[in-house]
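Visitor: I have not read a protein structure before, and I would like to learn how to go about it. Could you take me through one step by step?

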Amino acid sequence: MGICRVENSRVKGEKTMNYWDKITGSDMTKELKIFGSRAKKSPADYQAAWEKINANLWAYSDFTGRNLMPILDGVLGLLEETAADGQSIQEVLGDDLKGFCSALAGEEGAKTFRDKWREQLNNNIAKKLGE
């Protein structure tokens, strides 16, 4: 009987996450701080838009919020690029910021807690009815 050695097959440069980081969310805290420092480099109107987007997107979070990290990173990248191009925030996001966030989260497949609860309730009712 021998010992089987399993090699780490991750790509070089890919960040690893240990169990403690997953449980405490410290990796997300670091990432959110980085997002904040990136946003502070933008013009004032872009910073205000970032704060509103950040606040509105958390309604679409899963239990941990990890599903929002790529979405937030993408939105911040969009804001950085358009600020560098000299576009106004209205040209980029339009007038309906909540609608923008809803469409963005919907495209990424994020659901609100209300959507998740509605789905769970419908599944439970279907089970009780024997469907």
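Visitor: What pLDDT does the protein average, and what share of the residues score at least 70?

Guide: Where pLDDT is low, the predicted coordinates should not be read in detail. This is a predicted model, and the protein averages a pLDDT of 79, with 80% of the residues scoring at least 70. Among the elements, helix α3 (residues 44-57) has the highest mean pLDDT, 92, whereas helix α1 (residues 19-24) has the lowest, 72. Over residues 4-12 the pLDDT stays under 50, and for that stretch the model has one contact beyond four places in sequence.

Visitor: How many helices and how many strands are there in the protein?

Guide: The protein has seven helices and zero strands, which gives the pattern α-α-α-α-α-α-α when it is read along the sequence. Of the contacts with a separation of 6 or more, 70% are accounted for by residues 24 or more positions apart.

Visitor: What span should the 15 residues of helix α2 have, and how far apart are its end C-alpha atoms?

Guide: Helix α2 (residues 26-40), counted at 1.5 Å a residue, should span 21 Å, and its end C-alpha atoms are 21 Å apart, which agrees. For α3, with 14 residues, the span should be 20 Å, and here too the end C-alpha atoms agree, being 20 Å apart.

Visitor: Which residues of α2 are buried, and which exposed residues does the face turned away from its buried side carry?

Guide: In α2, the residues Asp27, Met28, Phe35 and Ala39 are buried. They cover an arc of only 110° around the axis, so they are on the same side of α2. The face turned away from that buried side carries the exposed residues Lys30, Lys33 and Lys40, while the buried residues of α2 pack against α1, α3 and α4.

Visitor: Which residues are buried in α3?

Guide: In α3, Tyr46, Ala49, Trp50, Ile53, Asn54 and Leu57 are buried. Their arc around the axis is only 135°, which puts them on the same side of α3. On the face of α3 turned away from its buried side we find the exposed residues Ala44, Glu51 and Ala55.

Visitor: Is Thr82 buried or exposed?

Guide: A residue counts as buried when its relative accessible area is under 20%, and Thr82, at 7% relative accessibility, therefore counts as buried. Thr82 is found in helix α4 (residues 69-85), and, leaving aside residues up to four places away in sequence, Thr82 touches Tyr46, Gln87 and Val92. In the protein as a whole, buried residues make up 26% of the 131 residues.

Visitor: How many residues has the largest nonpolar core, and which have the most contacts inside it?

Guide: In soluble globular proteins, nonpolar side chains tend to be buried together. In this model the largest nonpolar core has 23 residues, and those with the most contacts inside it are Trp50, Ile53, Leu57, Leu72, Val75, Leu79 and Leu93. The elements that give two or more residues to this core are α2, α3, α4, α5 (89-93) and α6 (97-107), and α4 gives the most, with six residues.

Visitor: Which residues does Ile53 touch, not counting residues up to four places away in sequence?

Guide: Ile53 touches Val75, Leu79, Leu93, Leu97, Phe100 and Cys101 when residues up to four places away in sequence are not counted.

Definitions and conventions. Residues are numbered from 1 along each chain as its sequence is written. Side-chain values use heavy atoms; hydrogens and water are left out. pLDDT is the predictor's confidence in each residue, from 0 to 100. Helices (H or I, at least four residues) and strands (E, at least two) are DSSP runs, numbered from the N terminus. Contact means heavy atoms within 4.5 Å. Buried means under 20% relative accessible area, exposed over 50%, partly exposed in between (1.4 Å probe, protein chains only). The expected span of a helix is 1.5 Å times one less than its number of residues. The arc is that of the directions from the helix axis to the C-beta atoms. A nonpolar core is a set of buried Ala, Val, Leu, Ile, Met, Phe, Trp, Tyr and Cys residues joined through side-chain atoms within 4.5 Å.
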